[in-house]
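Hi there,

Here is the structure I promised to pass on.

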Amino acid sequence: MRPATVPATGAAGAPAGAPVVLESPPEPVLAGPTEREWSAAVAAVLAQPRDAALLLICHVNPDGDALGSMLGFGQGLCRLGFTRVVCTFPGPPEVPEPFAALPGLELLVPEAQAPAEPALVLCFDAASESRLGGLRDRLDRSPSIVLDHHASNTRFGGVHLVDPTAAATSVVAEHLLARLGVPLDRDIAECLYVALATDTGSFKFDMTTPAVHELAARLLATGLAPAEIARRVFDTRPFGAVRLYGEALGRAQLDPTAAGGLGLVWTYATQADLARHGQRPYVLEGLIDAIRPAAEADVSCVIKQTGPAEWAVSLRSKGGVDVSRVAVALGGGGHRLAAGFTGRGTADEVAAAVRAQLATP
Ligand code: 5GP
Ligand code: MN
């Protein structure tokens, strides 16, 4: 509770001699980029000769927003006449099946083939440098523009286009493309639409503002086939993954007392589970959406094994808990209602760490 104080603006009306207590500073308003930042980004792109090496990067284990905003923007740079546009991300150069038909994939190269000293680096959807693996050194060597929408963004890199009010990084990417004078075409739009649709949970999350639907409308107007995109991106998975989901759902646990009684539902999947069902890790991305309907829990958590004692942890909240606080406390980041971190130990130990953070007010 904010203490009762004299607001700074009302100080003039305070009786003479009375101590003026200035109102405590407001919660940090995480506004979008300033006009100066937008202009700096536009200038940084347009200053480049058209044969300059432009490197676009996004976070490890790229999701729809990371890939969609990067590939959409990459195609936009090509439309401007840039001839050396390269996209990459850290780690194995595998694009998850739901995104394997995105336009612009021809711009993608394995991390090892990315130019060592590009003229300009553009970074998409990464809240911190730790999400860039071996590519983070490019930010030390080259000028950079960081496009992102995570409130937990650490403000690394050169020019910051970080808008925590944006539903997806693709919202920021579309805005910069518009400022660069790149018209939306169907291929660019498909990438940006996939990014927007995935990061809003199919236009269901609370950042789904009128502006999000207006952008979606402009993207669809280029001739996209939304039903086909949704089937490909959200509603298709191998039968082995369906069986694997069955197992993981079967061992889901409910802790109604967690988070001060708001409740936690959680489950895990091991690398052995993936191997037994012949599945790649990306198939587990949707598992959190399969457990979160549990009405008794505000918070849901999926613990996905990535190494002998290492786990990629996904957290979601229905509104009662700021899960980004939990994720940041455990070394990760994200948004208020969707966040994640890298967990260590056993799955039970990771779950215990989450419960402990949820118990901390
Ligand atoms: P997801 O659960 O879909 O993998 O991630 C949800 C959100 O949390 C995303 O916005 C993602 O950027 C963030 N996130 C997930 N894992 C990590 C992590 O290990 N570190 C950081 N900083 N953010 C993460
Ligand atoms: Mn995103």
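**What turned up**

The second largest pocket holds about 240 Å³ of space. Please keep in mind that this is a predicted model. Lining that pocket are 15 residues, and Asp163, Ala166, Val171, His175 and Ala211 are the closest to its centre. Helix 4 (169-179) and helix 6 (210-220) are the elements that each give two or more residues to the lining.

Next, the metal site. The manganese ion (ligand 2) has four protein donors: Asp65 (OD), Asp125 (OD), His149 (NE2) and Asp199 (OD), at 2.2 to 2.4 Å from the ion. Along the chain, these donors are spaced as D-x59-D-x23-H-x49-D. His149 sits in the loop between strand 4 (144-148) and strand 5 (159-162), while Asp199 belongs to helix 5 (residues 186-199), so this pair links parts of the chain that are 50 residues apart in sequence. His149 and Asp199 are both buried.

Finally, ligand 1. There are 13 residues around ligand 1, and those that come nearest are His150, Ser314, Arg316, Gly333 and Ala339.

- Arg316: a polar side-chain atom lies 2.9 Å from an oxygen atom of ligand 1.
- Gly340: here a backbone N or O atom is 3.2 Å from an oxygen atom of ligand 1.
- His335: an N or O atom of the side chain is 3.3 Å from an oxygen atom of ligand 1.

Happy to go through any of this with you.

Best wishes

Methods
Residues are numbered from 1 along each chain as its sequence is written. Chains are lettered from A and ligands numbered from 1 in the order in which they are written. This is a predicted model: local features need pLDDT of at least 70, side-chain atom pairs count only at pLDDT 80 or more; totals for chains, interfaces and linings use all residues. Side-chain values use heavy atoms; hydrogens and water are left out. Donors are N, O and S atoms within 2.8 Å of the metal (3.2 Å for Na, K and Ca); water is not among the atoms, so sites may look incomplete. Helices (H or I, at least four residues) and strands (E, at least two) are DSSP runs, numbered from the N terminus. Buried means under 20% relative accessible area, exposed over 50%, partly exposed in between (1.4 Å probe, protein chains only). On a 1 Å grid over the protein atoms alone, a cavity is a set of points where a 1.4 Å probe fits but cannot get out, and a pocket is an open set with protein on both sides within 12 Å along at least five of seven lines; lining residues have an atom within 4 Å of a point. Grid points are joined across faces, edges and corners, and a volume is the space filled by probe spheres set on the points. A residue is near a molecule or strand if one of its heavy atoms lies within 4 Å of it. A polar contact is a pair of N or O atoms within 3.5 Å; within protein, one must be able to donate a hydrogen and the other to accept it, and residues adjacent in sequence count only if both atoms are side-chain atoms.
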